[in-house]
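Here's a quick briefing to read alongside the model. Have the sequence and the 3D view open as you go.

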Amino acid sequence: MVEKRIFYITSDRLTVYWATNNDVHQDTSFTLDDESYADFSEYLKDNADTSSDVLVDVMDEEFRIDTMPHLFGNDRRAVQDRKLKQLFHQTCYRGVEIQGREKNGRRDDQVLLTALTNPEPLQQWIKAMLKFKVPVVGIYSLPMLAQYFVKKLHIKTDHSLLFIPQHGGMIRQIFLQNAAIKISRLLPT
């Protein structure tokens with residue numbers, strides 16, 4: 001039996017889920033205030049040694065479509081890092097995904113640049129995890145993961161629009177083109 005813990009972070013709370021094989025169930029939830037941070041620390045004190053994934057679904061996530069020269073290895077990483085620091089210098093939670101190549105000209109890479117533009121809410125939870133040395137497998141963006149679910153479900157349309165409801169009266173909209181995310185936003189219903 002494989003057991004995994006998932007910390008699901010939204011703009012106003014952190015919810016803990018446990019996944020066992022094909023079953024997922026909610027364990028507990030913490031709101032975004034000082035008392036809940038203390039409660040979360042107590043929770044981690046008793047459950048610190050479990051490997052965990054952090055899934056983030058917040059309003060302050062930005063997506064930009066761009067092109068970059070088609071490079072390899074250290075040259076590619078250097079260009080990507082420079083572009084990310086230029087666009088999203090206020091956060092360390094940023095990434096690049098290569099989504100294809102242009103058909104004409106230099107055949108540059110088509111890329112999606114993404115970042116959490118306000119890392120403060122996430123940083124508070126991560127600080128507690130670091131304090132108790134919780135092994136974090138990765139920090140993932142819900143919109144970025146959605147494109148892999150579309151591929152796994154074998155949805156074969158050129159354009160898809162996903163709606164993912166959240167508690168608190170919010171809904172996540174994700175637009176995909178050829179199963180690659182192009183834009184996402186979180187709105188009140």
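**Aromatic core and strand pairing**

W125 has a relative accessibility of 0%, so it counts as buried (buried means under 20% relative accessible area, exposed over 50% and partly exposed in between, with a 1.4 Å probe and protein chains only). Keep in mind that this is a predicted model, where local features need pLDDT of at least 70, side-chain atom pairs count only at pLDDT 80 or more, and totals for chains, interfaces and linings use all residues. Residues are numbered from 1 along each chain as its sequence is written, and side-chain values use heavy atoms, with hydrogens and water left out.

**Aromatic rings**

- Searching the whole structure turns up 7 aromatic pairs; rings of Phe, Tyr and Trp (its six-membered ring) pair if their centres lie within 6.5 Å, with planes under 30 degrees apart counted as stacked, over 60 as edge-to-face and the rest as tilted.
- F30 and F40 make an edge-to-face pair, because their ring centres are 5.2 Å apart and their planes sit at 65°.
- That pair links distant parts of the chain, with F30 in strand β3 (residues 23-31) and F40 in helix α1 (residues 34-46), 10 residues apart. Helices (H or I, at least four residues) and strands (E, at least two) are DSSP runs, numbered from the N terminus.
- F30 counts as buried at 6% relative accessibility, and F40 is buried too, at 0% relative accessible area.
- F40 also pairs edge-to-face with W125, at 5.2 Å centre to centre and 90° between the planes.
- Since F40 belongs to helix α1 and W125 to helix α3 (residues 120-131), this pair ties together parts 85 residues apart in sequence.
- Ring pairs join F7, F30, Y37, F40, Y43 and W125 into a cluster.

**Strand β1 and its partners**

- Strand β1 (residues 3-10) is largely enclosed by the rest of the structure, because 6 of its 8 residues are buried.
- On the antiparallel side of things, β1 pairs with strand β2 (residues 13-20) over 7 bridges; two strands pair if DSSP finds at least two bridges between them.
- β1 and β2 form a hairpin with 2 residues between them, and I9 stands opposite L14 in β2.
- β1 also pairs with strand β4 (residues 52-57), this time in the parallel sense over 6 bridges, and S52 in β4 is the bridge partner of R5.

**Helix α4**

- In helix α4 (residues 142-152), the buried residues are L142, P143, M144, A146, Q147 and V150.
- H154 follows α4 and has a positive phi, near 60°.
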